[in-house]
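Me: I have a new chain open and want to get my bearings. Can we go through it together?
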Amino acid sequence: MPNNKFTNKQLLIIDSAVQVFSEKGIKRATFAEIGARVDLATTSITYYFKKKEDLATACYLRSIDRVCQIVESVVHVDSLAGRLKLLLRLLIEDHIAVQRGSKPPLMPFGELVNLSQTPYAEVLKQFMEMFKRLKTVLSSYDQSTHQESLPTASTNWYFQFLWLEYWWFEYFESRHKDRVVNHLLDVWSNGLFFSDYSFNVALADKALLQLNQIAARKEDKPVEKILVAATNLINKHGYDGASIDKICASLEITKGAVYHHFDSKEELAEAAFDRTIDIVSGVMSEVLKQDLNSRDKLFALCYTLIVKQVDGTMPLISSRVIRTISLQHREKIQNLHRKTTNEIRYLISDGVLEGLLRPVDVLITAEVVSCAINSAFELKLWLPAMEQGDFLAQYLRPTLCGWLPPEN
């Protein structure tokens with residue numbers, strides 16, 4: 001049985017590894033880099049973890065355990081809003097500890113699928129138990145309708161926003177944590193749009209008719225098919241896990257068909273990132289020039305960028321994989337996220353001033369909406385049978401009109 005000294009050294013190595021894996025991704029991180037942060041040689045690391053995958057597995061399990069401890073700390077609170085408020089407070093305190101260096105960051109979950117079968121199954125089992133527990137904590141069971149108020153779609157969104165997209169908190173000083181919690185609860189409870197807003201899908205489709213026509217013409221072209229496959233695989237496996245072999249297998253084509261258009265995987269990835277930037281920029285450009293009020297423009301922007309990912313016609317590189325990609329590509333995706341979020345802020349500000357949207361914290365609400373767009377690709381993974389009507393009811397409307405039911 002390992003003694004305390006052995007266990008403490010293991011935890012020291014795990015905490016160091018999480019930091020390196022977060023910065024460089026699992027594939028590019030080395031034992032030498034991990035050991036250098038805790039003054040250990042590579043041979044010392046291998047005494048505790050024979051393979052890098054063993055260490056990555058331990059990192060995932062430690063991060064999952066940390067999330068579970070936070071979730072379990074709110075179980076005793078009776079109301080859904082009360083549980084969420086305490087959950088937010090504990091989470092933000094955890095992020096503050098990370099920023100101050102007293103805790104390592106959480107392990108990025110984007111590369112989890114790249115583990116080999118046995119460790120993947122072990123981590124996935126614990127991950128799903130954590131997710132189910134989070135769903136229970138964030139649910140409010142209605143005895144009269146026998147329905148949960150927060151379905152899987154919203155639980156996934158909360159997980160994305162709270163644990164995977166938490167860079168938004170870096171915009172706020174730690175002394176403002178109470179303000180951040182209260183303002184997040186306001187927009188989650190009451191929404192940005194007034195509850196009587198009619199979701200005019202035809203309006204959004206009409207506003208983007210030209211863009212949709214261009215996308216339809218591209219859809220059957222070989223290059224577009226390759227870029228779409230690369231985008232989906234990068235989102236699912238991270239950059240390192242999205243191999244040319246996997247791309248070819250998903251399309252049932254030869255490597256020669258890929259290399260006919262791209263000289264290398266790096267060039268293909270560059271084109272996939274540029275495609276995401278072009279789509280988002282094109283949608284924003286089309287929406288902003290329409291003769292619509294700011295609220296309808298915001299709806300058209302959200303509807304298009306979310307629904308087109310759900311139906312598979314316009315998959316986008318998610319910022320969730322940002323830690324698995326090169327610094328050059330990372331900067332591109334970060335810049336795109338900032339640009340999109342800024343446009344959302346402008347639309348929200350205009351809508352509030354015009355009285356068309358609720359008076360909300362513009363900075364925080366823009367991050368909430370931006371995260372909903374960025375996390376949309378996950379919906380097909382969690383809910384592959386989701387239809388457009390379900391998507392509108394379970395994801396888009398709650399994002400814009402409020403997730404939480406009114407308190408009795």
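Me: What share of the contacts in the chain with a separation of 6 or more comes from residues 24 or more positions apart?
Reply: It is 75%. Keep in mind that this is a predicted model.

Me: OK. How many helices and strands does the chain have?
Reply: The chain has 19 helices and two strands.

Me: And what percentage of the residues count as buried?
Reply: Of the 408 residues, 51% count as buried. The accessible surface of the chain is about 18700 Å². Carbon and sulfur atoms make up 52% of that surface.

Me: Let's zoom in on helix 12. Which residues are buried there?
Reply: Helix 12 covers residues 244-251, and Ile244, Ile247 and Cys248 are buried in it. They lie on the same side of helix 12, because they cover an arc of only 95 degrees around the axis.

Me: Why would residues three or four places apart point the same way?
Reply: An α-helix has 3.6 residues a turn, so residues with that spacing point the same way.

Me: What do the buried residues of helix 12 pack against?
Reply: They pack against helix 11 (222-241), helix 13 (255-259) and helix 14 (265-288).

Me: What happens just after helix 12?
Reply: Glu252 comes there, with a positive phi of about 55 degrees.

Me: Back to helix 11. Is Gly241 buried or exposed?
Reply: Gly241 is in helix 11. Gly241 counts as buried, at 8% relative accessibility.

Me: Which residues does Gly241 touch, leaving out those up to four places away in sequence?
Reply: Gly241 touches Asn114 and Lys246. Take Leu115 too: Gly241 and Leu115 are 126 residues apart along the chain, and their C-alpha atoms are separated by 9.7 Å.

Me: New topic. At what angle do helix 1 and helix 4 pack?
Reply: Helix 1 (residues 4-24) and helix 4 (residues 52-72) pack at about 95 degrees. Their axes are 9 Å apart. An angle from 65 to 115 degrees counts as roughly perpendicular, so helix 1 and helix 4 are roughly perpendicular to each other.

Me: Which residues meet there?
Reply: From helix 1, they include Leu11, Ile14, Val18 and Phe21. From helix 4, they include Leu55, Ala56, Cys59 and Arg62.

Me: Last one. Where is Thr304 found, and what does its side chain reach?
Reply: Thr304 is in helix 15, residues 294-310. Its side chain reaches the backbone oxygen of Ala300 at 2.8 Å. Thr304 is buried, with a relative accessible area of 2%.

Conventions: Residues numbered from 1 in each chain as written. Predicted model: local features only at pLDDT ≥ 70, side-chain atom pairs only at ≥ 80, totals over all residues. Heavy atoms only, no water. Buried < 20%, exposed > 50% of the residue type's maximum accessible area, 1.4 Å probe, protein only. Helix = DSSP H or I, 4+ residues; strand = E, 2+ residues; numbered from the N terminus. Arc of directions from axis to C-beta. Contact = heavy atoms within 4.5 Å. Areas by Shrake-Rupley, 256 points an atom, 1.4 Å probe, with all protein chains shown as cover. Polar contact = N/O pair within 3.5 Å; in protein donor to acceptor, adjacent residues only side chain to side chain. Axes fitted to C-alpha atoms, helices over the stretch in contact; angles between N-to-C directions. Parallel < 35°, antiparallel > 145°, perpendicular 65-115°, else oblique.
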